[in-house]
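This report is meant for a reader who is meeting the structure for the first time.

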Amino acid sequence: QDLVDISLRIDQSKRYSFIYKHRRQQLDYALVSNNLLHQVKKIHFSQIDFTFSDHAALMFEIDSTAGN
């Protein structure tokens with residue numbers, strides 16, 4: 001397995017980035033290599049701001065010092 005979908009770390013009830021006809025859907029994913037996996041500290045979807053966009057951003061934080 002070369003890449004890991006870190007969006008699976010998000011609780012299933014919060015794992016969506018788009019709402020269409022009252023159905024929550026995930027449009028965005030984040031894939032990282034196994035070498036980077038231990039450096040991922042936080043991951044979440046932002047709130048959907050319908051004045052700006054039609055879907056939420058997937059955001060995650062990497063600890064760049066963890067690999068040193």
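## The aromatic pair

Rings of Phe, Tyr and Trp, the last represented by its six-membered ring, form a pair if their centres lie within 6.5 Å, and the pair is called stacked with planes under 30 degrees apart, edge-to-face with planes over 60 degrees apart, and tilted for the rest. A search of the whole structure on these terms finds one aromatic pair. The pair consists of F18 and Y20, whose ring centres are 6.4 Å apart and whose planes meet at 10°, so it counts as stacked.

The burial of these two residues is described by relative accessible area, where buried means under 20%, exposed means over 50%, and partly exposed covers what lies in between, with a 1.4 Å probe and protein chains only. F18 is buried at 17%, whereas Y20 is partly exposed at 44%.

## Basis of the model

The model is predicted, and for that reason local features need a pLDDT of at least 70 and side-chain atom pairs count only at pLDDT 80 or more, while totals for chains, interfaces and linings use all residues. Residues are numbered from 1 along each chain as its sequence is written, and side-chain values use heavy atoms, with hydrogens and water left out.

## The chain as a whole

The protein chain has one helix and six strands, and from the N terminus on these elements follow the order β-β-β-β-α-β-β. Both kinds of element are DSSP runs numbered from the N terminus, helices being H or I over at least four residues and strands being E over at least two. Along the principal axes, the C-alpha atoms of the chain fill a box of roughly 45 × 25 × 15 Å.

Of the 68 residues in the protein chain, 25% count as buried. The accessible surface, computed by the Shrake-Rupley method with a 1.4 Å probe, comes to about 5300 Å², and 49% of it belongs to carbon and sulfur atoms. A contact means heavy atoms within 4.5 Å, and among the contacts between residues at least 6 apart in sequence, 56% join residues at least 24 apart.

There are 8 positive and 8 negative side chains, and the centres of the two sets lie 8 Å apart. In this count Lys and Arg are positive and Asp and Glu are negative, while His and the chain ends are left out.

## S7 and Q26

S7 belongs to the loop between β1 (3-5) and β2 (18-20), and Q26 belongs to the loop between β3 (23-25) and β4 (31-33). Both residues are buried, S7 with a relative accessible area of 0% and Q26 with one of 18%. Their side chains are joined by a polar contact of 2.9 Å; such a contact is a pair of N or O atoms within 3.5 Å, where within protein one atom must be able to donate a hydrogen and the other to accept it, and residues adjacent in sequence count only if both atoms are side-chain atoms. The side chain of S7 also makes a polar contact with the side chain of D5, at 2.5 Å.

Leaving out residues up to four places away in sequence, S7 touches R15, Q26, Y29, A30, I43 and L58. On the same terms, Q26 touches S7, R15, Y16, S17 and F45.

R24 is placed in strand β3 and is exposed, with a relative accessible area of 54%. Apart from its neighbours within four places in sequence, R24 is in contact with S13, Y16, F18 and I19, and a polar atom of its side chain lies 3.4 Å from the backbone oxygen of S13. R24 and K14 are ten residues apart along the chain, and their C-alpha atoms are separated by 9.2 Å.

Q39 is found in the loop between α1 (34-37) and β5 (40-45), and with a relative accessible area of 11% Q39 is buried. Q39 and I62 are 23 residues apart in sequence, and their C-alpha atoms are 5.3 Å apart in space.

Methods:
The place of a charge is taken as NZ of Lys, CZ of Arg, CG of Asp or CD of Glu.
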